[in-house]
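This report takes up ring contacts, backbone angles and a pocket. Please have the model open while reading.

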Amino acid sequence: MELFENWVYENKELENVIPEDHYNDLLAFNFKSREIKNFIKSIIKKHFDWKEFEKYRTIALLKSIKSGKIELVLASRELRELYLEQEEEIKRPFLTIGLAIGYESELDNCPIESEYKLWNSDALKKQLEPVEWYRKRILEDVDQELKELLNPEFKVIDLGGIVNIKHLHDTFAERLYFPEFYGNNWDAFWDTIIGIVEMPKNLTLTNWDKFEKTFKKESKILKEIIADYNNQNAEKKIKTVGNNVYN
């Protein structure tokens, strides 16, 4: 609850959103008491968008990982826990599933720092090998997702790892925070990006050449959608980066 307490005190907007008596009660609460956790959440959810707190939590965790305050094995577990909590609370987590779940599964058998004393030096070095294999990639992903949360006007989606069309639509839904009822088809995609979600000012789709080679039909449809979208938007654009670039 420490992070929640910090958010309450730092977020001055709450004072303007929550009725004065509820706001004063919130400040007076003993945040270490487990009994009041659900009550506090009920007050916030009644008067404020809970997503704002979840975004705050996500940014705080990513900053701690980037600065090295949390060692990577423990960080992978905290990322997974946060992702699962956000799935339950807000449906669309602020973390990508690759960062939140993928690395935790790869580092699952690695000890955290407090457990190092249980291993001899040679065995510990062997156990920690996966941490070094994935360290650079994890920190790069953390840095990218942190940048996008701090500056939502710019977003990058990598199409290089797309395995099928469902995966493509799931990726767009996850990264652009599509509503839960998104229909996973191109008509729904168009309706969503032009009228349902707040699109970033600049959306860049990377590894377009690989995507286009693998999914010829779908890439043609998406290319036409991008052209129509860009023609209708003076200030917001989608571009692809690969062999072909569409501005």
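## Aromatic pairs

The structure, a predicted model, holds nine aromatic pairs. One of them joins phenylalanine 172 and phenylalanine 189.

Phenylalanine 172 belongs to helix H10, while phenylalanine 189 sits in helix H11, residues 186-195. The pair therefore ties together parts that lie 17 residues apart in sequence.

The cut-off for buried is under 20%.

## A ring cluster

Ring pairs also build a cluster. Its members are Phe172, Phe178, Tyr182, Trp186 and Phe189.

Most residues other than glycine have a negative phi. Which phi does tyrosine 177 have? Its value is positive, about 60 degrees, although tyrosine 177 is not a glycine. This residue is placed in the loop between H10 and H11. Its relative accessible area is 31%, so tyrosine 177 is partly exposed.

Asparagine 184 lies in the loop between H10 and H11 as well. Its phi is near 55 degrees, again positive in a residue other than glycine. Asparagine 184 has a relative accessible area of 31% and is partly exposed. Partly exposed covers the range between the buried limit of 20% and the exposed limit of 50%.

## The largest pocket

The largest pocket contains about 980 Å³ of space. Its lining is made up of 33 residues. Closest to the pocket centre are Thr96, Gly98, Thr171, Glu174 and Arg175.

Which elements give two or more residues to this lining? They are helix H6 (72-89), helix H7 (97-106), helix H9 (129-150), strand E1 (154-158) and helix H10 (165-175). H9 supplies the largest share, with seven residues. Helix H10, which contributes to the lining, is also the helix that carries phenylalanine 172.

How values were computed. Residues numbered from 1 in each chain as written. Predicted model: local features only at pLDDT ≥ 70, side-chain atom pairs only at ≥ 80, totals over all residues. Heavy atoms only, no water. 1 Å grid on protein atoms, 1.4 Å probe; cavity = no way out; pocket = protein on both sides within 12 Å on 5 of 7 lines; lining within 4 Å. Points joined across faces, edges and corners; volume = space filled by probe spheres on them. Helix = DSSP H or I, 4+ residues; strand = E, 2+ residues; numbered from the N terminus. Phe/Tyr/Trp six-rings, centres within 6.5 Å; stacked < 30°, edge-to-face > 60°. Buried < 20%, exposed > 50% of the residue type's maximum accessible area, 1.4 Å probe, protein only.
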